[in-house]
Amino acid sequence: MVTGLVDAQVRAAMFGYLQDLTLRHPEGLPSSELNKFAVGGRPLKLVVQPGIWKPAELSGALTIRTTYTAPNQLPPYEDDISAGGLVKYAYRGTDGNHSDNRALRTAMREELPLAYFIGVAQGVYQAQFPVYVVGERADEHAFLIAVDEAQRLIDPELVASLTPDRRSYMERLTRIRLHQPVFRARVLQAYESRCAICRLRHPDLLDAAHIIRDADEGGLPVVPNGLSLCKIHHAAYDRNFLGVTPDLVVKVRQDILDEVDGPMLRYGIQAMAGERLTAPRQRAAQPDRDNLDQRYREFLAAS
Ligand SMILES: [Zn+2]
């Protein structure tokens, strides 16, 4: 290679960099930070064009990307999860011979690990890595992506012969693997990394809570079904120690209000009664009123 960059070193250095960056930015990776990556003292931008990215120095693609759309949509979309759980990643255009598509095909042939950036806000990404290109569906203009090491073992040609149970289990694993971190980052982004109840501003201590539980019908991992809550308020909300009315007012269960205990109970929970939730400014990201209503009824029933 002209520049002396060795493919395997670039990829290993990138994964190390992404691991470090993810620790520092649990709420999502800004593209400005992603583009500070350097290998052997040489800058190498990771987010350059939408879709497939192959730096000139490498023969195979290095990263793939799905850009941010709307708070109520969550990639990979249902249609993008193939039977067996492999993610369908669309060609650049429809010409299989476009240089970007060829770069992804090279990554498939040489079994090169890539990073997959999923948009969680404008210019902010959740990084999934390493991912692998394990197949191609030319008729659908798409490649098949394994999102973790275990999925690499799936032979896309053999998926059809698996039992329906096993197939749907594998599809569920993909949703968990990709949707949960994307949901968390999207909710934290929408709430500017604050607890909606107490306004604590430490992403390390924040979760994305489901309003309608994810096990229930309608419990989708989308921002309008989420609340950014600190760990203690997340657990308190899940266990109905407190509830949130459809008008965004925090209610604390009567027996908890009557209890006498130390500062965590007094200031952390009892004092939140009657507080107004801090919701995102963007209307599309605000908590869904019907979901809040349904969940508040559950809180009242538990009170
Ligand atoms: Zn809190």
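Modeller: A residue counts as buried when its relative accessible area is under 20%, and as exposed when that area is over 50%; partly exposed is in between. This is a predicted model. Of the 303 residues in its protein chain, 49% count as buried.

Biologist: What else describes the protein chain as a whole, in helices and strands?

Modeller: Its secondary structure comes to 8 helices and 12 strands. The C-alpha trace spans about 70 × 50 × 30 Å along its principal axes. Take contacts between residues at least 6 apart in sequence: 62% of them join residues at least 24 apart.

Biologist: What makes Cys195 buried but Cys198 partly exposed?

Modeller: Cys195 has a relative accessible area of 0%, and the limit for buried is under 20%. Cys198 comes to 29%. That value is between 20% and 50%, so Cys198 is partly exposed.

Biologist: Which UniProt annotation covers residues 195-243?

Modeller: The record, an unreviewed entry, gives "domain: HNH nuclease" for that range. Over residues 195-243 the chain is 16% helix and 24% strand. The end C-alpha atoms of the range are 14 Å apart.

Biologist: Why is His210 called buried?

Modeller: Its relative accessible area is 17%. The cut-off is under 20%, so His210 passes. His210 sits in strand 9 (residues 206-210). Leaving aside residues up to four places away in sequence, His210 touches Phe183, Gly219, Leu220, Pro221, Asn225, Tyr237 and Arg295.

Biologist: Arg295 also has a salt bridge with Glu298. What makes that pair count?

Modeller: The test is a side-chain nitrogen of Lys or Arg within 4 Å of a carboxyl oxygen of Asp or Glu. For Arg295 and Glu298 the closest N and O atoms are 3.8 Å apart, so the pair qualifies. Both lie in helix 8 (residues 289-302), 3 residues apart, about one turn of the helix. At 4% relative accessibility Arg295 is buried, whereas Glu298, at 30%, is partly exposed. Elsewhere, salt bridges that share partners join Glu111, Glu149 and Arg152 into one network.

Biologist: How many salt bridges does the structure hold, and how do you know that Asp7 takes part in one?

Modeller: There are 19. Asp7 and Arg11 bring their closest N and O atoms to 2.6 Å, and the limit is 4 Å, so they form one. Both residues lie in helix 1 (residues 7-24), 4 residues apart. Both are buried: Asp7 has a relative accessible area of 14%, and Arg11 has 2%.

Biologist: Helix 1 also holds Arg24 and Asp20. Are these two buried or partly exposed?

Modeller: Partly exposed. Arg24 has 47% and Asp20 has 39%, and both values are between the 20% and 50% limits. Their side chains meet in a salt bridge at 3.7 Å, N to O.

Biologist: How do you know that strand 4 and strand 6 pair?

Modeller: Pairing needs at least two bridges. Strand 4 (residues 63-66) and strand 6 (residues 114-121) have 4, and they run parallel. In strand 6, Ala115 is the bridge partner of Thr63.

Biologist: What makes both faces of strand 4 covered?

Modeller: Thr63 and Arg65 are on one side, Ile64 and Thr66 on the other, and all are buried.

Technical notes
Residues numbered from 1 in each chain as written. Predicted model: local features only at pLDDT ≥ 70, side-chain atom pairs only at ≥ 80, totals over all residues. Heavy atoms only, no water. Helix = DSSP H or I, 4+ residues; strand = E, 2+ residues; numbered from the N terminus. Buried < 20%, exposed > 50% of the residue type's maximum accessible area, 1.4 Å probe, protein only. UniProt positions renumbered as here; feature names shortened; annotations may be inferred. Contact = heavy atoms within 4.5 Å.
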